Every structure is written in structure tokens, then in C-alpha cells.
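Please look over the structure shown here, and in particular at the surroundings of its ligand. The report that follows takes up those surroundings and then the confidence of the model.

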Amino acid sequence: MQGKTAIITGGGSGFGRETALKLAQRGVNISVVDLSKEKGEETVHLCEKLGSDAIFIQADVSKVEDVKKYVIETVDRFGKIDLFFNNAGISGSGVRTLECSEEEFDTIVDVNLKGVFYGLKYVVNEMLKTGGGSIVNTASLGGLVGMPTLGAYSATKHAVIGLTKTIAGEYGRDHIRINAIAPGTNETPMVKAFPAEAIKAMADAVPMGRLGQPHEVGNVVAFLLSDEASYIHGAVISIDSGSAAL
Ligand SMILES: NC(=O)c1ccc[n+]([C@@H]2O[C@H](COP(=O)([O-])OP(=O)(O)OC[C@H]3O[C@@H](n4cnc5c(N)ncnc54)[C@H](O)[C@@H]3O)[C@@H](O)[C@H]2O)c1
């Protein structure tokens, strides 16, 4: 993967950061895209320590002008886009689905669905100019099954899987390889802040009896983006301790 260029949205934390570090170890140039300047710049710093050429681009993926900006700035700096981890997303306030406010529902759709769509629209356009590329969209276990109290989130993640499969059918012959991941609950900073008994209950509910670690997702994404996964296309890869299988 040496010398390739990747864009990672939501690169300031969690799965985005862990994937950035994995790609940095493999000599990939990285555009870290995030709303948070502080978190994004920290990821850039960590990538640079691993020898990667990395830049931070502050952007809100739900705003189409910001998406165009991160694509243009990446091409200006690195000349092309080979790899795209279309990952930034938000969850929800955890109320019963029909009690979710219209405003909250709109925000979740804007970030999790429109943000993913805008990214695909403008990144694929660039990849077509240089002969193709590889893309991973972040869905969720909640994109495969319902998630009580996270209805808007679950609906958008189902939609991300629909976009992934459809675009796979449309762009495979253009050498654009596209897949989705469906992670279960991971010990990200947000989950770590829950009370210990809540974390234990979540861990007890999954077949392996523990929550996932963000680097376990980063490992899979780096593989899917690489040529080692050259015949995996239009797939939804569960990373969830077997939760989707039950
Ligand atoms: N953590 C889990 O257990 C879990 C499970 C399944 C799926 N996911 C999905 O994985 C993805 C990453 O989650 P994570 O756990 O690494 O989260 P995280 O909160 O650790 O990181 C998300 C990053 O995205 C950034 N971000 C949020 N909204 C943004 C926006 N509008 N524009 C640009 N950046 C934005 C945040 O600043 C943050 O740095 C999300 O799509 C999430 O839905 C997470």
C-alpha cells in the first residue's frame, strides 16, 4: 500500500483513528477528515510518528461544500485518492424511535446517510479519473438488525448497506471496489464512559463475552482496503463477536 493515498472521515477517534494508524504503518498518505480539529490533528501527529505523510482537513460530512473541500484538498496535496474509509457517524439520544424529535432524526440522516452519499459521489468521481480505488463504508450491526431506542441510527445504517450493494453493482467494472463493515459494540471512548455494570451487561450479551476493541475494526478495514481483498466486493463484513448470527 506504500505511496497510496487514503481519505478517512471521522479520523479523529475510534475506528477512524485506528484505521489511520494501520494504514500509516503501511506507508499510506492520509487525509484525516473530522469535525474536531483537536482530535483530527492528534491522529495526524500519531500517523506522522509512524512515518506517514498525513494532513488534517476540518469538515462536516453532512455539508456538501465541506465534502467537496476534503476531496479537492486531498487531490491538491497528494494528486489522487486510492482508498476511502467513509466512516464518520453519530448515534442518537436513546429514546424510543417514535419519540425521536424531527430535528434529531434529520441530523442523524444528514450525517450518517447523506454524509456517506456525498462522500461516495465526489470521491468516486476522482477515483474514476485515476483508474479506480477501494472503499469501505461504516454501517453497523444496527444496519443488519433493529436496535431498540436507536431507530434513526439503525435506519441510516441499513441505508448505508443499500448504497454499498447498489454502487458495487454499478462501478465494479470501473475498478471501484466497495464494501461495508457492520461492527458490534466496541469499547470506544463513548462506551468506556458508561457505568461498569452497563459495560458488563453489554459484554455478557455477546457470544464472545467481551466488547470489541477499535483496533480490531481497524485491522479489518485496512485488509478490505488493500489488494489482499481484491475479490471482496459489495460485501457486508460483520465484526461483532457473532451477534448478527444469533
Ligand atoms: N463504537 C461502536 O460501537 C460502533 C458500532 C457500530 C458502528 N459504529 C460506527 O462507526 C463509526 C465510527 O464510530 P466510532 O465508534 O469510531 O466513533 P467516535 O465517536 O469514536 O469517532 C467518530 C468521529 O467522527 C467525528 N464526527 C462526528 N460527526 C462528524 C461529522 N458530521 N463530520 C465529520 N466528522 C464527524 C467525531 O468528531 C469523531 O472524531 C460511526 O459511523 C459509528 O456509527 C460504531
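## Shell around the ligand

In this predicted model, helix 1 (14-25) and helix 5 (151-171) each contribute at least two residues to the shell around the ligand, helices being DSSP runs of H or I with at least four residues, numbered from the N terminus. The ligand is surrounded by 26 residues, each with a heavy atom within 4 Å of it, and the closest are Ser13, Phe15, Asp34, Asn87 and Asn186.

## Polar contacts and cover

Among the pairs of N or O atoms within 3.5 Å, a polar side-chain atom of aspartate 60 lies 2.9 Å from a ligand nitrogen, while the side chain of tyrosine 153 places an N or O atom 3.1 Å from a ligand oxygen. For lysine 39, a polar side-chain atom is 3.4 Å from an oxygen atom of the ligand. Of the 830 Å² of accessible area (Shrake-Rupley, 1.4 Å probe) that the ligand has on its own, the protein covers 87%.

## Confidence and conventions

The average pLDDT (the predictor's confidence in each residue, from 0 to 100) is 96 for the protein, and 100% of the residues score at least 70.

Residues are numbered from 1 along each chain as its sequence is written, and side-chain values use heavy atoms, without hydrogens and water. Local features need pLDDT of at least 70, side-chain atom pairs count only at pLDDT 80 or more, and totals for chains, interfaces and linings use all residues.

Conventions: Polar contact = N/O pair within 3.5 Å; in protein donor to acceptor, adjacent residues only side chain to side chain.
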